[in-house]
Amino acid sequence: LRVKWPNDILSANQKIAGILIENTISEGKVVASVIGIGLNVNQTQFDDLPKAASMKTVSGRDFETEEVLELLLKDLENSFGNISEENSEAILKAYEKWL
């Protein structure tokens, strides 16, 4: 997987997900964020989108969407729990590594 700036997630050079983030900024600092994630899980047809894919088309197997959601939410919760001003530089470097 890799991030294609600004908001695409690619697998095998095909887009399987997209992320949109809207930040609320006050006094030069982010005070809130709304994050939207679109993930193609079991979709197999992508009309007029030749670079689109899904977890199924990349892996060749079906996924339980509830299980995918649960795992994604757990991972996000763990990741967000580790965000602080003290490790912001490390987070930025990790993010840039995936670009």
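Start with the largest pocket of this predicted model: 44 residues line it, and Ile19, Leu76, Ser79, Phe80 and Tyr95 lie nearest its centre.

Now colour by secondary structure. Strands β1 (2-4), β2 (8-11), β3 (14-26) and β4 (29-39) each give two or more residues to the lining. So do the helices α1 (55-59), α2 (65-81) and α3 (88-98). Pick out α2 next: its eight lining residues are the largest share.

Show the pocket as a surface. The space inside is about 2000 Å³. Colour the lining by residue class: 27 residues are nonpolar, nine are polar and eight are charged.

Most residues other than glycine have a negative phi, and most peptide bonds are trans.

Select Trp5 and Pro6. The peptide bond joining them is cis, with omega at about 5°. Pro6 sits in the loop between β1 and β2.

Move to Ala12, in the loop between β2 and β3. Its phi is positive, about 55°, yet Ala12 is not a glycine. Is Ala12 buried or exposed? Ala12 counts as exposed because its relative accessibility is 62%, and the cut-off for exposed is over 50%.

Finish at Asp48, in the loop between β4 and α1. Asp48 also has a positive phi, about 60°, without being a glycine. With 76% relative accessibility, Asp48 counts as exposed.

Methods
Residues numbered from 1 in each chain as written. Predicted model: local features only at pLDDT ≥ 70, side-chain atom pairs only at ≥ 80, totals over all residues. Heavy atoms only, no water. 1 Å grid on protein atoms, 1.4 Å probe; cavity = no way out; pocket = protein on both sides within 12 Å on 5 of 7 lines; lining within 4 Å. Points joined across faces, edges and corners; volume = space filled by probe spheres on them. Helix = DSSP H or I, 4+ residues; strand = E, 2+ residues; numbered from the N terminus. Nonpolar A, V, L, I, M, F, W, Y, C, P; charged D, E, K, R; others polar. Buried < 20%, exposed > 50% of the residue type's maximum accessible area, 1.4 Å probe, protein only.
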